Amino acid sequence: MTLPIATPWLFSQPNQDPRAATGAALRWGVIATGRIASLVSRDLALLSDAELYAVSSRQQAAADAFASEFAFSRAYGDDNGQQGYQRLLADDAVDVVYVATPHAQHHQMVLAALNAGKHVLCEKAFTINAREAAELIAVARDKNLFLMEAVWSRFLPSMQRAFEIARSGELGTVQWVTADLGFPAPYSPTARLWAVKDGGGALLDLTVYPLLWALGTLGFPQAVSATGALNDDGVDTQNALTLEYHHGAQAQLTSSLLAYGPRAATVAGSLGYLQSLGSINNPKQLVVGIGREPLRTEHFDVAGLGYTYELREVTRCIQQGLTESPVMPLEDSLNTMRLFDGVRAQLGVTYPNDAR
């Protein structure tokens, strides 16, 4: 069994508060002003060695409003033929950029940031396809810049504890994993979740979280089979993946934009099982059952909204001169995009970026 997800540096320290400084302050730039940018900025403000310096949007008014809400020093909108993100990247004071645009724009924004000499944290899904991911990784390595996909759940205490329990042997040999994430998203062809041009659909937006439970307990699979449903726009409304491993283990993962599910994960082994309570991307409790023994429940709290742990890792890595995180290595992002490319081929999902 491979266990590719490392334990964050923070959890080996006496002080495990992600808000505590680990070095000189970094000046952050945020590209886009949507919901995820708001959530992450709220937690970024909690880090004592992070300065909320600049934000960009296509509309100057949107950038100004975001900057006012979160106390950014600079706000850049489109002006005189130059786009807001280009103006932000031209600001020499920006140390690191968080890209929070829709998936289909990640490659363009990250490439521009790297070429401007900025370190980058890019929201998941990392790119639309593996070709785009490979190009960004090559540029980051060539320029010796930090680059990471923002899979925040990897860094949470509850997720790391789940991986630790599976790794410890307490459950015996892990034989199967199930995980689901779904909710009914109101349809609009222009909404990010549904827009083909933005990389919409359940796979790129949701499946990274069910997949994380398989990767953290079984590793990357040897084979993947996928079924799903597409709407008239060619966007996957829901999907079901079966991951197969050489030693016979399996994982069943479900993602949906049509229906609510329990948002739960189960890791089943030869000696016992583990279940998550609370949404699988930020579980608040883990229930462990070993044989016929009484169930054990472990409880977890997070600092801020939970993005603080991911942001601490990015900040620490940059402060220490690292160009990637051992917890979220670039090879994992590339292998995930390769897996998603294979799933999309089975489902029949294509995006405009695929033709570039």
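A residue counts as buried when its relative accessible area is under 20%. The model discussed here is a predicted one.

Q: What makes the ring pair of Phe-66 and Phe-70 stacked, tilted or edge-to-face?
A: Rings pair if their centres lie within 6.5 Å, and planes under 30 degrees apart count as stacked, over 60 as edge-to-face and the rest as tilted. The centres of the Phe-66 and Phe-70 rings are 4.7 Å apart and their planes stand at 45°, so this pair is tilted.

Q: Where do Phe-66 and Phe-70 lie, and are they buried or exposed?
A: Both belong to helix 2 (residues 60-70), where they are four residues apart, about one turn of the helix. Phe-66 and Phe-70 are both buried.

Q: How do you know what kind of pair Phe-66 and Phe-72 form?
A: With ring centres 5.8 Å apart and planes at 40°, Phe-66 and Phe-72 make a pair that is tilted, because the angle falls between the limits of 30 and 60 degrees. Phe-72 is buried, as is Phe-66.

Q: What do the ring pairs make of Phe-66, Phe-70 and Phe-72, and how many aromatic pairs does the count come to?
A: Ring pairs link Phe-66, Phe-70 and Phe-72 into a cluster, and the count comes to five aromatic pairs.

Q: How many helices and strands does the protein have, and why is the protein called as compact as a globular protein of its length?
A: The secondary structure comprises ten helices and 14 strands. The radius of gyration is 20 Å, close to the 21 Å that the globule rule gives for 356 residues, so the protein is as compact as a globular protein of that length. Of the 356 residues, 55% count as buried.

Q: What share of the contacts between residues at least 6 apart in sequence joins residues at least 24 apart?
A: In the protein, 68% of these contacts join residues at least 24 apart.

Methods: Residues are numbered from 1 along each chain as its sequence is written. This is a predicted model: local features need pLDDT of at least 70, side-chain atom pairs count only at pLDDT 80 or more; totals for chains, interfaces and linings use all residues. Side-chain values use heavy atoms; hydrogens and water are left out. Helices (H or I, at least four residues) and strands (E, at least two) are DSSP runs, numbered from the N terminus. The radius of gyration is taken over C-alpha atoms; the globule rule is 2.2 Å times the number of residues to the power 0.38. Buried means under 20% relative accessible area, exposed over 50%, partly exposed in between (1.4 Å probe, protein chains only). Contact means heavy atoms within 4.5 Å. Rings of Phe, Tyr and Trp (its six-membered ring) pair if their centres lie within 6.5 Å; planes under 30 degrees apart count as stacked, over 60 as edge-to-face and the rest as tilted.
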